[in-house]
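Here is a brief report on one model. It follows a sheet, its helices and a ligand shell.

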Amino acid sequence: MDPLIKKILNFKREDIPNYEPYLMVGGGTPGPNLLRGQGVYVYDIEGKKYIDCTSQAWALHLGYSNPEINQVVKEQLEFSNHFHIGFYTVPRYLLAKKIAELFPKKMNRVMFTIGGGVSIEAALKIAIINRPEAHNFISLYGGYHGTSFMTTGASLTSTFAYGKYQGGAKLAHFCQNFIRVPAPYYYRPYFEVCNRDDRDEVDRRCLEELEMQIKYGSAGPVCAMIMEPLQASGGQIIFSKNYLQGVRDICTKYKVILIWDCIQTAFGRMGDWSAANYYGITPDIMVCGKSMGAGFPINCIVISDDLEGVKMDFIDAHTFGNNQVSQVAALKQIEIIERDNIFENVKKVGGYLRENLEELQKKWCCIGEIRALGFHIGIEFVKDRDTREADYHGCSKMRDIGLNNGIIFGLGGSGLGKNVLKIKPPLITTKEQAEEILEKFEKTLKEVYR
Ligand SMILES: Cc1ncc(COP(=O)(O)O)c(C=O)c1O
């Protein structure tokens with residue numbers, strides 16, 4: 001074994017203070033010091049085992065260290081580790097064609113990049129190429145699209161602080177071309193409603209607001225609208241098909257390019273290749289990433305046949321945008337998903353988790369709402385079910401105590417804090433492992449709320 005790897009494996013908690021002062025981290029929720037993972041489990045440097053309901057920022061569809069992915073990556077590494085984007089390479093051809101085959105009929109041209117934020121920016125650039133006369137963009141309250149300058153302007157990170165300059169809000173005035181409109185947050189609408197359980201009213205009001213902003217709220221025409229088809233970081237909000245179709249129709253009517261940020265939803269978490277496949281609604285541009293490379297960094301932008309794409313004129317170039325290691329990992333993952341019928345597992349085990357969580361909801365009034373679609377599961381914590389007052393503190397304790405109990409939950413929410421606990425394990429999670437998640441969730445509930 002290489003001495004470097006030995007050194008990593010022998011690292012002890014006592015060593016941390018010798019290294020910690022040299023490091024800066026700009027985001028994330030602090031967690032244990034992780035060392036190695038296998039399947040849905042991960043171990044920290046002291047050997048403590050956790051079942052991971054975050055898939056590491058929802059990026060590990062096949063879990064940690066999938067042997068087939070590892071093998072194909074090792075084999076690819078024997079041939080090359082890096083070629084620049086200007087050189088035409090075979091894995092990139094294979095992956096672009098495969099993605100075009102998997103996604104809706106009109107989505108046939110693919111560009112690869114290295115991260116979510118830059119991919120969203122690339123999508124916005126493509127929108128500008130197609131509508132050069134229009135200078136504004138629309139995004140949704142509670143949307144999240146990254147932390148680069150431009151995507152900060154579109155994301156919840158710059159509105160989280162309610163009028164204060166905190167976090168991403170400090171960057172907001174560098175990227176002010178975004179007009180935000182309310183998303184249909186059915187459980188907690190952004191406006192007064194006649195009947196708080198009338199989802200149709202929420203959809204209708206949000207669509208009206210969108211149309212009004214396009215017509216009257218933008219100085220000059222709107223170039224593009226960027227949105228997640230399922231609002232993930234902002235609270236796991238599952239939009240109705242009616243709303244998504246309404247947005248599609250409004251964008252078509254006003255020639256606004258519709259960009260779906262599918263970075264969390266694509267490649268199987270909903271039980272289909274993408275939200276566009278799942279809902280039968282096709283945006284103009286799709287952006288994918290995270291899980292796409294089975295843990296290796298790769299993102300892509302897929303555009304409709306109706307749009308003009310990029311040319312090799314340096315409008316969007318990245319040194320590491322042609323990573324063959326990630327490309328073969330992505331291709332192998334697609335092969336495994338197809339071969340092992342992973343979508344079936346997502347539907348079956350995701351449904352099992354949902355049903356059992358709904359049973360728990362009957363007993364625990366701190367659970368306000370459960371929003372689940374495949375392995376996209378969000379549990380909204382409240383202080384009181386009638387008033388729906390958010391319980392930020394209880395939800396964050398669920399995560400902390402969960403760690404003691406050997407389970408890693410995710411946190412999200414679009415309000416003053418995070419009151420949505422996220423359960424989004426790898427897509428290979430079995431029914432037995434789902435039972436373990438449920439047991440640990442209930443144990444943690446008892447410790448936090450009793
Ligand atoms: C929906 C969505 N868009 C964009 C991003 C940004 O991706 P990245 O962190 O790779 O820049 C994220 C990351 O969490 C995301 O969830």
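In which sense do β4 and strand β12 pair, and over how many bridges? They pair in the antiparallel sense, over six bridges. Two strands pair if DSSP finds at least two bridges between them. Helices (H or I, at least four residues) and strands (E, at least two) are DSSP runs, numbered from the N terminus. This is a predicted model: local features need pLDDT of at least 70, side-chain atom pairs count only at pLDDT 80 or more, and totals for chains, interfaces and linings use all residues. Residues are numbered from 1 along each chain as its sequence is written.

Thr113 stands opposite Asn299 in β12. The open sheet has seven strands in the order β4-β12-β11-β10-β7-β5-β6, with mixed pairing. β4 and β6 stand at the edges with a single partner strand each, so one side of each is left without a neighbour in the sheet.

| Strand | Residues |
|---|---|
| β4 | 107–113 |
| β6 | 178–181 |
| β12 | 299–304 |

Helix α4 (residues 90–102) lies across β4 and β12. Its direction runs at about 135 degrees to β4. Axes are lines fitted to C-alpha atoms, for helices over the stretch in contact, and angles run from 0 to 180 degrees between N-to-C directions. Contact means C-beta atoms, placed from the backbone, within 7 Å.

Now the ligand. Of the 15 residues around the ligand, Gly115, Gly116, Gly117, Gly146 and Ile263 come nearest. A residue is near a molecule if its C-beta atom, placed from the backbone, lies within 6 Å of it. Helix α5 (residues 116–130) gives the most to this shell, with three residues.

Technical notes
Two residues are in contact if their C-beta atoms, placed from the backbone, lie within 7 Å.
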